[in-house]
Amino acid sequence: MPSTLAPRHTRSINALAARRPATNAIRGPQSALTDFLASHNISAHQIHQEHQRRLREAQQQAAQEAGEADENKENESDPGDEALERKKRKRKEEKAIMKIKQSKEFKRRKFEEKNKKRQKGAGDDDDDGDYDDDSIARNMLYKKAQPMPGQFENCEICEKRFTVTAYSKTGPEGGLLCTKCSKELGKEEKKQQPKKRGPQKGKRWQRENDRMMGDVKPGAKSLVDICVRKVVANIADIEEFGDLPQTLLDRLSQVLSQKRALDPRTLEFFLQADSSKITIYDAAKLETDDFEKIFSFMPELEDVNLRNAGQMKDEVLLYMLDHNPKIRHLQLGAANLITNKCWLQLFQKQGPKLESFKTCNLDAALDDSAIEALVHHCPNLQRLKLKKCWQTTERSIKCLTSLPSIHHLSLSICPDTSADTLSTLITTIGTPLETLSLESFHNADDTTLTAIHGTCTKLAKLRFTNNAICTDAGFASLFSNWPNPAIPTIDLCENRDIDNQNPDGPAETPIGLASMGFQALMTHSGSRLEKLNVKACRHISHGALLRVFDHEKHTYPVLRDLDLSFVAPVDEVVVTAIFRSCPKLEKLAIFGCNQVRGRDVRIPAGVAVIGMMDAQESVVVEGGWERG
């Protein structure tokens with residue numbers, strides 16, 4: 001208790017203290033120390049104010065003593081000492097100015113000064129740039145001392161009184177800013193700063209996607225491609241496509257499906273009442289009402305392609321049969337909710353009009369009875385594609401021999417089908433075939449290849465994959481003296497021996513497509529071959545590859561797409577020979593070819609090499625070297 005208090009005040013305080021309870025119970029958020037100080041009439045604010053007052057008095061006294069000392073030195077010192085002191089002060093000032101120039105605050109002030117000059121019409125390349133820097137730094141050096149944290153100050157912009165903290169920002173004129181003005185100033189500074197260009201993930205993804213698709217042609221993209229990508233990027237702001245040709249609608253459907261952006265809203269862009277075709281590459285987000293909307297809004301449909309239609313049900317297929325009697329081409333992918341009974345109704349009612357039927361990835365329906373109904377009720381069927389329909393058996397394969405007018409056949413069902421059944425099927429319906437695709441028939445042998453050689457003479461596309469029984473001699477016989485014209489598209493991937501104990505396969509009779517069969521293939525179809533896939537045919541030798549791709553003896557003028565992935569003998573010499581013997585090559589896949597090192601291969605401009613490390617660094621600019 002201060003001694004200056006009068007006795008009357010003391011008595012009143014003692015009286016108040018006497019009326020307090022004997023125990024100081026702590027209430028609310030107050031700490032024990034706060035309660036103790038309050039009980040003795042001691043204020044924390046008062047202590048803080050006294051401390052600040054003593055600091056100011058000490059600073060003023062120190063400044064006064066320093067000034068008096070400087071005056072005494074100036075009066076007592078000789079001219080030489082005075083000059084020395086000036087040099088010291090000048091050096092200190094230069095060091096301080098250099099330190100200020102390296103600070104962020106200096107850069108900000110300099111940026112603001114330049115903006116002011118631009119607004120007044122002055123250029124950036126003035127001769128007094130260094131002088132301006134020095135003047136800004138000196139102004140910052142000799143500006144008035146800022147209040148210490150805890151003191152009150154008026155905001156430079158809004159003049160509102162606030163408490164200074166260690167985080168208070170400096171305003172344009174050197175004063176301090178309140179919290180609100182500091183935030184607004186920070187937003188303005190961010191707007192004025194140039195945006196940093198970070199890694200463009202979207203563009204990089206698009207470049208890699210284009211490369212995987214073989215689209216690496218030099219120069220700018222086509223106007224159509226640019227417009228399609230711009231439309232897809234702003235699909236949320238588009239209300240309708242308008243009257244677009246079917247080719248553009250198909251391309252837009254591809255890109256939207258690839259980006260998982262095809263939903264009930266974007267579906268409406270493809271509904272054209274007078275159109276006879278619709279293609280949806282990813283219908284996973286469409287439901288029953290959306291499918292029915294397609295068939296009700298487009299009564300003239302003749303060609304329907306709905307892939308990944310996992311939510312399509314019986315009621316949708318029956319609705320289609322009632323409202324779209326003109327359908328001739330039907331492709332449904334992953335329509336697992338359609339029952340076997342509904343498939344039978346489809347073939348019975350629409351079968352006579354169907355010319356093309358394709359389906360895949362069916363787990364619980366489309367069994368042998370449905371395939372028999374298809375064969376019986378679809379006499380005009382020209383295209384048939386059945387892939388991964390797990391309810392079909394060898395009985396369905398035998399039933400297909402009754403299709404008289406089939407021209408395009410693609411099968412990937414019943415892996416355990418016998419070689420005799422396959423040979424009988426090909427011998428029976430093989431003469432008119434233009435496309436033959438047999439995937440993952442594990443029991444097929446050389447008799448199947450002999451049946452293809454003896455029956456098929458009009459093939460333009462051949463796929464025979466994933467087999468470990470057919471021999472290299474069988475493939476060589478298939479392509480030797482074959483009356484079938486050269487085939488543009490051939491896929492013989494994964495025809496190889498599978499034996500972990502002997503990875504090179506038998507030496508005397510190689511299994512799968514090996515050196516002899518590969519050379520016979522290129523001799524037969526090399527002149528017209530456009531796309532070739534021999535992935536994982538790992539028994540093709542290095543010598544056979546060099547003999548086939550010897551550009552002085554053999555060239556392949558229209559070969560655009562070649563897949564040699566997991567063919568181990570492929571190295572830099574083979575890849576270079578391929579570039580020279582295939583002048584139109586656009587895409588080369590060499591996944592798993594570990595002997596190819598990207599930095600040792602020169603890739604011509606416009607060729608997409610997939611599966612090689614550092615492929616982009618090895619691309620030769622346009623005109624760097626000639627192929628062929």
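In helix H15, which spans residues 368-377, the buried residues are Asp368, Ala370, Ile371, Ala373, Leu374 and Val375. The model described here is predicted. The cover over the buried residues of H15 includes helix H14 (340-350), strand S6 (356-362), S7 and H16.

The chain as a whole gives the setting. It holds 22 helices and 15 strands. Of its 628 residues, 39% are buried. Among contacts between residues at least 6 apart in sequence, 68% join residues at least 24 apart.

**Threonine 392**

Where does threonine 392 lie? Its place is the loop between strand S7 (383-389) and helix H16 (394-399). Threonine 392 has a relative accessibility of 7%, and because buried means under 20%, this residue counts as buried. A polar atom of the threonine 392 side chain lies 2.7 Å from the backbone oxygen of cysteine 389. Not counting residues up to four places away in sequence, threonine 392 touches Leu366, Asp367, Asp368, Ile371, Ile413 and Cys414. Asp368 and Ile371 are also among the buried residues of H15.

**The nonpolar cores**

In soluble globular proteins, nonpolar side chains tend to be buried together. The largest nonpolar core in this model has 114 residues, and Trp343 and Phe347 touch the most other members. Leaving aside neighbours within four places in sequence, phenylalanine 347 is in contact with Pro352, Leu354, Phe357, Leu366, Ala370, Ala373, Leu374, His377 and Cys378. A second, separate core has twelve residues, including Val232, Leu249, Leu256 and Phe269.

**Helices H18 and H19**

Another part of the chain shows two helices packed together. Helix H18 and helix H19 pack at an angle of about 5°, with their axes 9 Å apart. Angles under 35 degrees count as roughly parallel, and H18 and H19 are therefore roughly parallel to each other. The residues that meet are listed by helix below.

| Helix | Residues in the helix | Residues that meet the other helix |
|---|---|---|
| H18 | residues 446-455 | Asp446, Leu449, Ile452 and His453 |
| H19 | residues 472-479 | Gly474, Phe475, Ser477 and Leu478 |

By class, the contact of H18 with H19 has four nonpolar, three polar and one charged residues.

Note on methods: Residues numbered from 1 in each chain as written. Predicted model: local features only at pLDDT ≥ 70, side-chain atom pairs only at ≥ 80, totals over all residues. Heavy atoms only, no water. Helix = DSSP H or I, 4+ residues; strand = E, 2+ residues; numbered from the N terminus. Buried < 20%, exposed > 50% of the residue type's maximum accessible area, 1.4 Å probe, protein only. Polar contact = N/O pair within 3.5 Å; in protein donor to acceptor, adjacent residues only side chain to side chain. Contact = heavy atoms within 4.5 Å. Axes fitted to C-alpha atoms, helices over the stretch in contact; angles between N-to-C directions. Parallel < 35°, antiparallel > 145°, perpendicular 65-115°, else oblique. Nonpolar A, V, L, I, M, F, W, Y, C, P; charged D, E, K, R; others polar. Core = buried A, V, L, I, M, F, W, Y, C linked by side-chain atoms within 4.5 Å.
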